[in-house]
Amino acid sequence: MARVELVQVSRRYGKQTVLQPLDLTIPDGSFTVLVGPSGCGKSTLLRLLAGLDSVSDGAILMDDQQINDRDPADRDIAMVFQSYALYPHLTVAENLAFHMQVKKIKRSEQQDKITRIAAILGIDKLLGRYPRALSGGQRQRVAMGRAMVRNPQVFLFDEPLSNLDAQLRMELRAEIKSLHQRFKTTMVYVTHDQVEAMTLADQIVVMREGVIVQQGSPLEIYDRPVDTFVARFIGSPPMNLLEAQLVSREGIPGVACGEYWLPLPANWRDAAMHQGDKPVLMGVRPHHFHLADSPALPATVKLVEVTGESSLLHLDWQGLPLHVQLAGRITAQPGEKLSLAIDLSHLHLFDKESGKRL
């Protein structure tokens, strides 16, 4: 296990800056997930940690020792790739043993490690097969095993589940989390899938255009996104953002959205009093709506997606698109009117111009 720290690390390719100077601390034994849209710099950051690419400026420290100039093989870091990167001419057992053979580890020790790791990953019956005879999930388990036999201080995962179907992704996601809880090795995991980020991470680092936008625990980021980008990116379905206006009525701070005025909950009132009347974006997550008896927020149904345990409604409200997720199976038809209410305790407010949280 190791503590990893990036100090003003940046990466440029010619005149193009892929990573802006950034600081990041990855605690010893933590599971840190780098998440963001394609092109945000998360895989580049992982390659810098692995030594597969060099930093343009700044320093990478492992337990306070700078490792910028160390070769990848000397960093005590193992990486699991999206493409598995297995040797096709070697069996599963030979793939697992390859690094140990290079390091000239005793054969008895090699066999002990292979047997133990294969049993943990459930590939002990596949040791004689070649990669071409394995499924995608089995290949990814072998790739993970090849990294595990090295017993590194840090594991790096570069979107390892993106090539798998939904069922396998769920199974392997649980296995990766279980391995981390068992071995407590520092792990850094790259994904664009925010569900993976929420379920795996101790610490999430949200990136955009080479910059760290927000970092913290999954629930911190989900409950208090720093701006509209994070608010929309973390959460599935994404948060609704509605144009609104801070307006007080009879001394009560509230927010007016179209024809409707809603009193602000206590946790927002102090912030609203200091803002005055100003345009804002009101954020409401789809599952923080519920059906109401009174016509508080009448909306027109455009489409209903029923998944079994819940229903996602695509609605039109005052000409604005609205996405609402309700428990159970809703049988509403397109064109039907529904009355909605908002759980105001989960309201989010953002500055309309900057997109920053108030």
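The model is predicted. The protein chain has 358 residues, of which 49% are buried. Its secondary structure comes to nine helices and 20 strands.

**Overall dimensions and contacts**

- The C-alpha trace of the protein chain spans about 80 × 45 × 35 Å along its principal axes.
- Of the contacts between residues at least 6 apart in sequence, 67% join residues at least 24 apart.

**The six-stranded sheet**

- An open sheet is formed by six strands, and their order is β6-β7-β8-β3-β9-β10. The pairing within this sheet is mixed.
- Strands β6 (77-80) and β10 (211-216) are the edge strands, each pairing on one side only.
- From one strand to the next, the twist averages 20 degrees.
- Within the sheet order, β3 stands between β8 and β9. Strand β3 covers residues 31-35 and strand β9 covers residues 203-208. These two strands pair in the parallel sense, over four bridges.
- Leu-34 has Val-205 of β9 standing opposite.
- Helix α4, made of residues 136-148, lies across β6 and β7 (154-158). The helix runs at about 175 degrees to β6.

**Nonpolar cores**

- The largest nonpolar core holds 45 residues. The members that touch the most other members are Val-33, Val-35, Ile-123, Phe-157, Tyr-189, Val-206 and Ile-234.
- Helix α4 gives the most to this core, contributing five residues.

**A buried glutamate**

- Glu-196 lies in helix α6, which covers residues 194-200.
- Glu-196 is buried but has no salt bridge. The nearest side chain of opposite charge is that of Arg-169, 4.6 Å away. A salt bridge requires a side-chain nitrogen of Lys or Arg within 4 Å of a carboxyl oxygen of Asp or Glu.
- Leaving out residues up to four places away in sequence, Glu-196 touches Leu-161, Arg-169, Arg-173, Tyr-189 and Thr-191.

Conventions
Residues are numbered from 1 along each chain as its sequence is written. This is a predicted model: local features need pLDDT of at least 70, side-chain atom pairs count only at pLDDT 80 or more; totals for chains, interfaces and linings use all residues. Side-chain values use heavy atoms; hydrogens and water are left out. Two strands pair if DSSP finds at least two bridges between them. Axes are lines fitted to C-alpha atoms, for helices over the stretch in contact, and angles run from 0 to 180 degrees between N-to-C directions. Contact means heavy atoms within 4.5 Å. A nonpolar core is a set of buried Ala, Val, Leu, Ile, Met, Phe, Trp, Tyr and Cys residues joined through side-chain atoms within 4.5 Å. Buried means under 20% relative accessible area, exposed over 50%, partly exposed in between (1.4 Å probe, protein chains only). Lys and Arg count as positive and Asp and Glu as negative; His and the chain ends are not counted.
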